Amino acid sequence: MKTKRALIIVSICLGIILAYGIVISLIHFVPWQPKALSVDKFYEMLDGEIKTPIIEINTKNGKEPKKKGEEIACEIKLSNSLEEYNFSLGMDALTTIKVRGNSTAGAPKKPYEIEFSEDFSMLGLTEEKKWVLLADYYDQSLVRNYAALTLAQCFDNMDFNPTPNHVTLFINGEFKGLYLLTEKINEEKGRLDIDKNLSGMTKDFPFLVVSDTGYIEQSDTLWDEENCFKFYYTEDGDIAFEIKYPSQKDLSEAENTIDAHAYIKEYVEAAYISLRDNKAVTVSFSEAPVTFEDLVDVDSVIDYYLVNEIMLNRDSARRSIYMYKEKGGKMKLGPVWDFDYSMSIKPWELPYNESEIESAQVVDIATRSYFFNEFFKYDKYYEMTRARFNEKKGAILEVADSLRDYKDTIKNVAIIDAEQWHGETGEFEFGMQYDYVRLYLYDRYEFLDSAFKKPREEFLKL
């Protein structure tokens, strides 16, 4: 009898443990279903004040953009900033809003692009029509992109990197979250400022391209034959590129212009192949064979690499790699972009502590990327990179130190954002995510400072 009773008790205990495990699994793996949060309800939840600028958008007929391709007229108001930065534009200003991004466009918290009818300044930045609101849905700290873009401002061999500004966003009377307002990467003045006078050009075209393996992996949804190309580069397969500028539309509007896209493809492919094979390449646009350094600004490559390696931004190894060239200049890497998945993002291992420090102690981008794997086969480029790191490494500590106080700027809104979009409490609470980023930067500094003291071969094995 006692044995039977003991077996019953054990069975009940095991059942409770199993049920608990199922509940925990559901909490962690069943997607959180956010509900609409009105402005009034948001202010009831708000503990303290909003310390960021506030953007309020009301769309025509109250229709909210839900997927890419929907461009909706809107009125827009910016407040809670310096008086000279505040503004309010009605429907007659012809402003529009749409969903932007690729994988991020499918997230519950949508990223947006705002377009004004004419060049317009936001928060004192250079006037331009198009602006981006990054949602940072996959980064629950909400500061990976902010930290990376802040760091990038210190690396001046890239002509332009977007400036990050957190804002609190409301659309049609509902709280949408804490967003990062930045300039849109394009060829316009105040951005990359590429020469747009194409008429009569036959060679040496300016261009802006982005490399992204997603254009191959998701070809049915992303590939556009008109503005994209790819070429075989490694045993792993092709590298894909999208020509952002000049588009076929830009070329059709110019006069007496030859096929610029053929030139761009040949130029980019020659740069990659020359680096890989360590030899000059014969091209149609030059009488003499050209080398990697004839085609590419090495200093910009190093700055681009360092920002991404510091942030351990694995997306930058294969995705969202921008390259541009001015007329009469060499191709440069940059601007930097897309840091949602940087810094060994492991939300299930929070808070960041001694057991996770090892995740910051790896050389990653130099070996993971097709391009940088070739770049760092050369001692010369490694020595140049090491010198540049030693020149700029203090910026890592400056950004990490600044995050200590910056947390107070976004905390009140960020906590509601976490509850709204992720249902987070306890170990997943915003503060732990945020502190992970700040502490990670300190450990990343210590590791890279030590790593760059080693010879190239040892560095690449770390």
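Let's start with a cluster of charges: Glu-64, Lys-66, Glu-174 and Lys-176 are linked in a network of salt bridges. The term salt bridge is used here for a side-chain nitrogen of Lys or Arg within 4 Å of a carboxyl oxygen of Asp or Glu. Side chains of opposite charge can pair when their charged atoms come close. By this rule, the count is 27 salt bridges.

A word on the ground rules before going on. The model is predicted, so local features need pLDDT of at least 70 and side-chain atom pairs count only at pLDDT 80 or more, while totals for chains, interfaces and linings use all residues. Residues are numbered from 1 along each chain as its sequence is written, and side-chain values use heavy atoms, with hydrogens and water left out.

Now turn to helix 13, residues 379-392; helices (H or I, at least four residues) and strands (E, at least two) are DSSP runs, numbered from the N terminus.

The buried residues of helix 13 are Tyr-381, Tyr-382, Thr-385, Arg-386, Arg-388, Phe-389 and Lys-392. Seen down the helix axis, they fall within an arc of 165°, so they line one face of helix 13. The arc is that of the directions from the helix axis to the C-beta atoms. Buried means under 20% relative accessible area, exposed over 50%, and partly exposed in between (1.4 Å probe, protein chains only). An α-helix has 3.6 residues a turn, so residues three or four places apart point the same way.

Arg-388 meets Asp-156 in one, at 3.0 Å from N to O. This pair links distant parts of the chain, 232 residues apart, with Asp-156 in the loop between helix 3 (144-152) and strand 7 (165-171). Asp-156 is exposed at 55% relative accessibility, whereas Arg-388 is buried at 9%.

Asp-379 pairs with Arg-456, and their closest N and O atoms are 2.7 Å apart. Here, too, distant parts of the chain are linked: Arg-456 belongs to helix 16 (residues 456-459) and lies 77 residues from Asp-379 in helix 13. Arg-456 counts as buried at 14%, and Asp-379 as partly exposed at 44%.

Glu-242 is buried at 15%, while Lys-244 is partly exposed at 36%.
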